[in-house]
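Here are my notes for you to read beside the model. Keep the viewer open and click along as you go.

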Amino acid sequence: MPSPRLGHLVPRLIRRTVRRPIRPEAPWIRTRLRTAPGAALALAALVLVTAFLAAGLPRAVDAYEDAALRDSLSHASPADRSVTVSTTLSQGWVSPSSEGMLGPAAMAATEKAFRRTIREPLALDWTNTVYGVRNAKGAPVSDLGLLPGPTPQTDPKADLVAQPGLGRRTRLVSGRLPGSRTTPDTVEAALTAGTAKVLGLHTGSAVHLTQVTGVPLTVRITGIVEPRSPGSAYWNAEADLIAPRLITVPPTQPGDEPTYYWHFTALIDDNATPVLLGLDGGAQLYWHHPADTAALNAHQVPAVRAVLGGLSDGPAAIRLGSTARQPGVAVEDDGLTRLLASFAQERAAAAPLVLIAAVGVGTVAAAVLLMAGGLAVARRQAELDLLRARGGSLPGIGLRLLGETAAVAVPAAVAGALLAVLLVPA
């Protein structure tokens, strides 16, 4: 018969045994990483480099293509990188009661109608939009001997141009800006300092342009101006605004020498444009819209070309023609369209080379990872055989190896991708 004291001790021992926590087994992943830290670090470095290349190579290609596109656009002239809207009006199109469609208000209204037709991803630099009116053909200057040159018997030709904002864009050197006071046979104009120097003209001079009626149009020079920003689109969207050009005329007969003539531009007031209707060819109205080079990227080129095609011949073109203040307004199918088409051809030609480079880098990275995996299996072959001998199943062993590898590879891959985003611009 057990003693009463022993009967009290047995339940106490049982309670202590039950309350004592059972020490768990060491976690597999932590044990393996502590056992072979060098192999884990090598795997992490390999995965980090592979993830960096996989994430950084497409970004580098995108950045290179974007830089090439923007470089080609920035080196083109404002007219060549612009979406240009134009129309030509003559006395047959415009009646005296509708001459206001050549004025600044009508030009601004058509500009607003054009802006309503623009759709993404086409991005235009609205701050550098240039629009105005000029005579459609160079008007012969009837003043004999106005300019010395290689062939003094060839008279120069001139354009009269009206662009809004002349007072803000120029610095007056002498005289005054031209006014809107005109008669059918007289108009006031200003010349840039470069044009006046080449022509030998000054404030108070006058030149005479040939009109279709035969009566000369007298252009009185009221002032000489200097451009404030000669490199801006305002002075470069149209030719010859800053200085005249010497034009070469090919000979008509074999053995003859080519002839030359000067072509220059005189600046008139916005409200003096009706006088242009009396010149040969009438008045040409234009709206130049330079592309926003910072907002365009290479992947948008096909979509931008589609938008441009719709502006030239599509629903957008019909909508613009119906809402514009002037008849015959249309988007010219050149300029920016040609630049983007040339870039698309160059990009398509370079695409196979880029693909070969990407496939080569990816193949090398995959081969290195496979070799690293093969070496790891060979190094741990005895361990894997022991686990199988102790009853470990293939799925169970595979899950343990997967967890062990993921604990190293996933953070390394994330770190590599983040480094690519931070270090490779796109």
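The points below go from the whole chain to single residues.

1. **Ground rules.** This is a predicted model, so to speak of a local feature I need pLDDT of at least 70, and side-chain atom pairs count only at pLDDT 80 or more, while totals for chains, interfaces and linings use all residues. Residues are numbered from 1 along each chain as its sequence is written, and side-chain values use heavy atoms, with hydrogens and water left out.

2. **The whole chain.** You'll find 12 helices and 12 strands; these are DSSP runs numbered from the N terminus, with helices being H or I of at least four residues and strands being E of at least two. Of the 426 residues, 35% count as buried. Buried means under 20% relative accessible area, exposed means over 50%, and partly exposed is in between (1.4 Å probe, protein chains only). The chain exposes about 23,500 Å², and 62% of that comes from carbon and sulfur atoms; accessible areas come from the Shrake-Rupley method with a 1.4 Å probe, and for residues only the protein chains shown count as cover. Among contacts with a separation of 6 or more, 80% are between residues 24 or more positions apart, where contact means heavy atoms within 4.5 Å.

3. **Strand 4 and its partners.** Strand 4 (residues 157-162) is mostly covered, with 5 of its 6 residues buried. Two strands pair if DSSP finds at least two bridges between them. Strand 2 (residues 130-135) pairs with strand 4 in the antiparallel sense over 2 bridges, and Val 133 stands opposite Ala 162 there. Strand 3 (residues 139-140) is also antiparallel to strand 4, again over 2 bridges, with Ala 139 partnered by Ala 158. Strand 10 (residues 259-267) runs parallel to strand 4, joined by 5 bridges; look for Lys 157 and its bridge partner His 263.

4. **Strand 7, face by face.** Strand 7 (residues 206-209) is joined to strand 8 (residues 217-227) by 4 bridges, and the two run antiparallel. Ala 206 has Arg 220 as its bridge partner in strand 8.

5. **Thr 203.** This residue sits in the loop between helix 6 (193-199) and strand 7. At 32% relative accessibility, Thr 203 counts as partly exposed. Leaving aside residues up to four places away in sequence, Thr 203 touches Ser 174, Gly 175, Ile 221, Thr 222, Gly 223 and Ile 224. Thr 203 and Ala 190 are 13 residues apart in sequence, and their C-alpha atoms are 8.3 Å apart.

6. **Salt bridges.** How many salt bridges does a search of the whole structure find? The search finds 7, a salt bridge being a side-chain nitrogen of Lys or Arg within 4 Å of a carboxyl oxygen of Asp or Glu. One of them joins Arg 347 and Glu 65, with the closest N and O atoms 3.3 Å apart. Arg 347 lies in helix 10 (residues 336-379) and Glu 65 in helix 3 (residues 37-74), so the pair ties together parts that are 282 residues apart in sequence. Arg 347 is partly exposed at 23% relative accessible area, whereas Glu 65 is buried at 14%. Another joins Asp 80 and Arg 338, with the closest N and O atoms 3.5 Å apart. Asp 80 lies in the loop between helix 3 and strand 1 (82-89) and Arg 338 in helix 10, so this pair ties together parts that are 258 residues apart in sequence.

7. **Helix 8.** The buried residues of helix 8 are Val 301, Val 304, Val 307, Leu 308, Gly 310 and Leu 311. An α-helix has 3.6 residues a turn, so residues three or four places apart point the same way.
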